[in-house]
Amino acid sequence: MKGSGACITLFVWMALLSTLSAQNSTLRGTVMDLSGTPLIGVNVIQKGTTNGTVTDSEGAFSLTVPTHATIVFTYIGFSKEEIAWDGTTPMKVVMREDTELLDELVVVGYGLQKKVNLTGSVTVIDAGTIENRPLTNASQALQGISGVYVNQMGGNPGYDEGTIRIRGIGTIGGGSKLSPLVMVDGVESVLRDINPNDIATISVLKDAASTAIYGSRAANGVILITTKTGEKERTVIDYTGYIGVQTPTYLPDPVDDSATFMEWYNKAMINQGGVAYYSQELIDEFRNNPTSLLHPNTNWMEVMFGDALIHEHNIRFSGATDRTRFNLSAGYMDQEGVLKGMTGARKYSLNLRVTNRVSDRLDLDAAVMASRWDADKPSEGLSTVMNRINRMVPMQPVGRMENGDWPDSWVLTPGQNSFQNPLVVKEDHYGKEQTNRIIANLSASLKITDKLQYQARGSVNYYNLISTYFAPVTFLHDVRTGAPTRNPWTTTGYKNENLNNNQRLNFTHTLHYATRAGSDHNMSLLAGHSMEQYISSSNQARMTGYLSKDLDELNVGTMDPSASGTSIEDVLISYFGRLQYNYRERYLLELNARYDGSSRFARENRWGLFPSFSAGWRISEEPFMDQVAWIDELKLRASWGQIGNQEIGRFQYVNAVSFGYGYPFGGNYDGGGVAITQYRDPKIKWETTTMSNVGLDWVILENMLSGELELFRKRTDDILRSISIPTQVGALTGPTTNIAVVDNTGFEISLNHHKRFRNFSYEIGAHLTKVRNEVVDLKGVTYYSGSRITKEGYPIESWYVYETDGLFRTQEELDSYPHITKRVGLGDVKYVDRNKDKVINGDDRYIAGNTFPDYTYGFNIGFTYRDFSLTSLWQGVQNIDTWLSGNTILPFNNGAGLTKIWITDSWTPENPDAKLPRITTRHQYTAENFSPSDFWLADASYLRLKNIQLTYTLTHERFLHRIGAEKLSLFLNAENLLTFTKMTDFDPEQNVAVENLDKYPSVKMITAGLHIQF
């Protein structure tokens, strides 16, 4: 009976399948645009199902569907088409370019707005712009935006976030005081912890009209990021992954032959009036008996740096119904460091976002975003290790001795008292840093009436940092005798553990009212209230006395236990509002205001009002423009507003009391007292930036050419900066006070052009930004920082150096010219006596260069032919300078080595036309040749191919159907592949204000990957 039942069941199923099969037919067709050009890669889906395909290189498709099914056609840049199939074939589908681009919505502060109705300066990037790029940090997605300078200073895994400056440097200070505000789905966050694969759009708000709604935190611009959610009416699975290799872009080329090194050190000593340090016997011994330990010729750049692997994987589940959209994505990235064995990072990310229309009046939006970084760091800190690597010389041995001991260098260089072997830090020490961030975000929108909507949002941004540094005592051994000496990295060994926690709580409520009077008048009102609390705590524990690397627990340490901890809290309360009005979407007006109260200021100066207004005129909507058919959109806009900056230290308005100070009393010294160590200014108030902007936007020739022109002026008043006070008042540290005024003025221009032919299309875009930075008022004070100066009438942190006039090449020049010291000789740098007092001293210095570029520019070029596409992104800066000093850069600095260019290009009697001065030691002959001067000032301008990507999109329907895929793309990327610059030995994209090479090198990256969608 059971067997008969199974047969009957099987027969019924076969009959049903046969019936269903008989009802299905193969639909064939082609898809083209209005000009008849076939469209490649159009999504063709049976509505309400996952049954779909894409068009091939001829625009053709075939799909098995039931008769009378509804077929949905979607394609980026074109309006969606839905066609009910009547059973006939072939089907010819004509898709129209989305002429409703004028209705494209842009994310702005606390809402959305039609792009054509924008009166502020906003630039938008969508996910397609950064798709498939190997972005290790979301800040890299901002490269190539008009008005935005992104400087990625090195490729250290986990710490390669670019420095972002929007329309210049508006204040004096560093760090967060200069950084823009970053909001992710309405929650303040940082770019480092955002997975670029989760980004749907980025809006960069650049002028006061667009940023004033964020008040006290918006002085440096605002970056708004929205994450992806479900789009298609089915569950879609996307996987994107790549693997690649990283290589340093520039590394110094050191002299790695020990005998040559010693000979040239002797020349340097003789040139500066000394005697040879290395004997000829020692030089010959190294030249004739090269060995890895006893007579090494070590190239430490090759030892410490090399190619590194990187791979990343992202998977995404998304979908939508009539009421619900969801997105669940997870990502993993593993990036080795080119500083081998000491650096590297693993990133884990998870993003869940669900939106639900509970009813016709209530919408919910819930999101949880989590990220974790596990990063490797040198135990002694990256800058210290880089300093020592740049200090290495070829006589220092590499590797281990036969018995496994670390070797010690038996030949020392003056300036180096010991051999600080970086391989010891690599193999016996470690540093680890784990960061965790969780952002939970819930918002509810209630439609009270057809015109009035209320939204409430609550969020928590939790961040946790755990760092551990371990360095045991290590012994080096004389390679000749085996005698041990303690490694100077640490004499006792230590273990540090640090724990930092912070959380940001935010509650925001808004009311939005929109109304329309007839067909002419449109108005909307927004009113909101925000409360934010920031709490941070840190704790540290330390032990010393670690004699072995085998036991690294904190309680294994035997000496000097210590513990410390502290906490801080901030509160920000805000009220804000916006009024928008337009007449026939032709005349536009917008008013914004925010009223902020911050706990970082004294009670009487705690509140600040930040208003803005803007207006626009859509000239193309005027009746007299009807006859100008080639103009699609033309808009003139202008804005004015004020925004603030609260990024200063906490409690700068009250005098600081420090512990650990004592006094003698009764013959005994009591060290348990407290004292005021820093004077504070109780009257400090907000920095205020006033910005005006005029813009012109145009779209012409049937959307084929578009562009923008912006003129802006940004003045920051009451800039907060610390000042010095006379020691007569008690040797107190000076207060932070409102002291300076800074201007940034300039323009932005951008152009975009695209064209489509039958099987070929291209797009070209270019932009240029000019910013002039000037310190207007410093209350007569001038600030010096190393070789840089901040002075009224000049840009912030300009270079302050001696003027030079080449080298002394003849005895006549030498005898008739003032010298900076008495021992100057032929081949030395000739300094100019600018004030004509026949003395070379500090009074002859002048302001010679910028640490921020006058011009930033870029362009992108893309081509598509059939199934292939090629895109490229170029980025450049102009009129920016750097002055490099320190180890490796200048010869024999503190016992360090020298680069090979000094062997070939330094002055000698036989090479009188050389471009470099005669060889001398940096640490003993500083004033004569190596004082800060324009001789060593380098032009750090560059043009760099940031990314080039080749993509092949598979359109072979049978193959896709066989593997169950809807889309498959293969791509090849190159990052930082080409650089055009006057700098030859060092990477120009760096922190130009840092005067050494104690920083991580930038990297080139070649990757290959795929994107598949099911």
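Two strands pair if DSSP finds at least two bridges between them, and strands themselves are DSSP runs (E, at least two residues), just as helices are runs of H or I with at least four residues, both numbered from the N terminus. With that in hand, welcome to a predicted model, in which local features need pLDDT of at least 70, side-chain atom pairs count only at pLDDT 80 or more, and totals for chains, interfaces and linings use all residues. Residues are numbered from 1 along each chain as its sequence is written, and side-chain values use heavy atoms, leaving out hydrogens and water.

**Strand β41 and its partners**

- Strand β40 (residues 788-790) runs antiparallel to β41, and the two pair over 2 bridges.
- Within that pairing, Arg788 has Trp799 of β41 as its bridge partner.
- On to β44 (residues 845-849): this strand also pairs with β41 in the antiparallel sense, over 4 bridges.
- Here Trp799 stands opposite Gly849 of β44.
- How many residues of strand β41 (residues 798-802) are buried? The count is 5 of the 5, so β41 is largely enclosed by the rest of the structure; buried means under 20% relative accessible area, exposed over 50%, and partly exposed in between, with a 1.4 Å probe and protein chains only.

**Confidence**

- The average pLDDT of the chain is 89, and 95% of the residues score at least 70; pLDDT is the predictor's confidence in each residue, from 0 to 100.
- Where pLDDT is low, the predicted coordinates should not be read in detail.

**Salt bridges**

- There are 58 salt bridges in the structure, each one a side-chain nitrogen of Lys or Arg within 4 Å of a carboxyl oxygen of Asp or Glu.
- One of them joins Glu622 to Arg586, with 3.6 Å between the closest N and O atoms.
- That pair links distant parts of the chain, 36 residues apart: Glu622 belongs to the loop between β31 (607-618) and β32 (631-645), and Arg586 to the loop between β29 (559-583) and β30 (587-598).
- Both ends are enclosed, since Glu622 is buried at a relative accessible area of 7% and Arg586 is buried at 11%.
- Glu621 meets Arg618 in another salt bridge, 3.4 Å from N to O; Glu621 is partly exposed at 33% relative accessible area, while Arg618 is buried at 2%.
- Lys830 and Glu813 also meet through their side chains, at 3.0 Å from N to O.
- A network of salt bridges links Arg167, Lys206, Lys635, Arg637, Asp697, Glu710 and Glu748.

**Aromatic rings**

- The structure holds 34 aromatic pairs; rings of Phe, Tyr and Trp (its six-membered ring) pair if their centres lie within 6.5 Å, and planes under 30 degrees apart count as stacked, over 60 as edge-to-face and the rest as tilted.
- Among them is the tilted pair of Tyr430 and Phe470, 5.5 Å centre to centre with 40 degrees between the planes.
- Tyr430 sits in strand β23 (residues 430-447) and Phe470 in strand β24 (residues 452-471), so the pair ties together parts 40 residues apart in sequence.
- Tyr430 is partly exposed, at 23% relative accessible area, and Phe470 is buried, at 1%.
- Ring pairs also gather Phe261, Tyr265, Tyr277, Tyr278 and Phe892 into a cluster.

**Charges over rings**

- The charged end of Lys267 sits over the ring of Trp264, 4.0 Å from its centre; this requires NZ of Lys or CZ of Arg within 6 Å of the ring centre and within 35 degrees of the ring normal.
- Arg721 lies over the face of Tyr783, 3.5 Å from the ring centre.

**Backbone angles**

- Most residues other than glycine have a negative phi.
- Asp718 is not a glycine, yet its phi is positive, at about 55 degrees; Asp718 is found in strand β36 (residues 705-722) and is partly exposed at 26% relative accessibility.
- Asn976 likewise has a positive phi, near 55 degrees; Asn976 lies in strand β50 (residues 967-981) and is buried at 8% relative accessible area.
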